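Subject: Structure handover and notes

Dear colleague,

I am passing on the structure below, together with some notes that I hope you will read alongside it. Please look through the coordinates in your own viewer as you go.

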Amino acid sequence: SSGINAEYGFVEWIPSNVKTAVCNVPPPGYDLSGTFIGNSTAMQELFKRINEQFTSMFRRKVFLHLYTGEGMDEMEFNEAESDIADIITEYQQYQECGVDDTYEGEGEEEAGGEEEEEEYE
């Protein structure tokens, strides 16, 4: 399965590359609610925004006392910040690899033949 993920440029820690969910408590006026998340390099923008917000709050130690009071160590927040930066970097690497690098060998059958053009009237 990880070979398929690598072939299409998906990161290996989301093996199915898609997550869907149905919520039993829909918003007012609706029968149901759903969520769809597709794994693509566009996800890095979401992670960047979350990281900026987290970093801003963590540097000012906003709400930190609530977590340390429950037994968390401040070092865990540093590790989380580092982990999210690593995830962003990984998505950027997949984005920079490009289509030609990702799909090597695809379309080689067409390389030897000439394409016929059809004229439309």
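The notes below go from the chain as a whole to its core and then to its salt bridges.

Please bear in mind that this is a predicted model, in which local features need pLDDT of at least 70 and side-chain atom pairs count only at pLDDT 80 or more, while totals for chains, interfaces and linings use all residues. Residues are numbered from 1 along each chain as its sequence is written, and side-chain values use heavy atoms, with hydrogens and water left out.

Overall architecture

The chain has 4 helices and 2 strands, where helices (H or I, at least four residues) and strands (E, at least two) are DSSP runs numbered from the N terminus. Read along the sequence, these elements follow the pattern α-β-β-α-α-α. The accessible surface comes to about 10100 Å², with 51% of it belonging to carbon and sulfur atoms; such areas come from the Shrake-Rupley method with a 1.4 Å probe, and for residues only the protein chains shown count as cover. Of the 121 residues in the chain, 13% are buried, where buried means under 20% relative accessible area, exposed means over 50%, and partly exposed lies in between (1.4 Å probe, protein chains only). Among contacts with a separation of 6 or more, 48% are between residues 24 or more positions apart, a contact being heavy atoms within 4.5 Å.

The core and its surroundings

The largest nonpolar core is made up of 5 residues, namely Met43, Phe47, Ile84, Ile88 and Tyr91; a nonpolar core is a set of buried Ala, Val, Leu, Ile, Met, Phe, Trp, Tyr and Cys residues joined through side-chain atoms within 4.5 Å. H2 and H4 each supply at least two residues of this core, and the largest share, 3 residues, comes from H4. Leaving aside neighbours within four places in sequence, Met43 is in contact with Ile37, Gly38 and Tyr91. Gln44, which is found in helix H2 (residues 43-59), is buried with a relative accessible area of 2%. Not counting residues up to four places away in sequence, Gln44 touches Ile88, Tyr91, Gln92 and Gln95.

Salt bridges

How many salt bridges does a search of the whole structure find? There are 3 of them, taking a salt bridge to be a side-chain nitrogen of Lys or Arg within 4 Å of a carboxyl oxygen of Asp or Glu.

One of them joins the side chains of Glu45 and Lys48 (3.6 Å, N to O), and because these two are 3 residues apart in helix H2, they are separated by about one helical turn. Glu45 is partly exposed at 48% relative accessibility, and Lys48 is likewise partly exposed, at 27%.

The side chains of Arg59 and Glu81 also meet in a salt bridge (3.1 Å, N to O). Arg59 lies in helix H2 and Glu81 in helix H4 (residues 74-102), so this pair ties together parts that are 22 residues apart in sequence. Arg59 counts as exposed at 54% relative accessibility, whereas Glu81 is buried, with a relative accessible area of 13%.

Finally, Lys61 forms a salt bridge with Glu74, with the closest N and O atoms 2.6 Å apart. This pair links distant parts of the chain, 13 residues apart, with Lys61 in the loop between H2 and helix H3 (64-68) and Glu74 in helix H4. Lys61 is partly exposed, with a relative accessible area of 44%, and Glu74 is partly exposed at 30% relative accessibility.

With best regards
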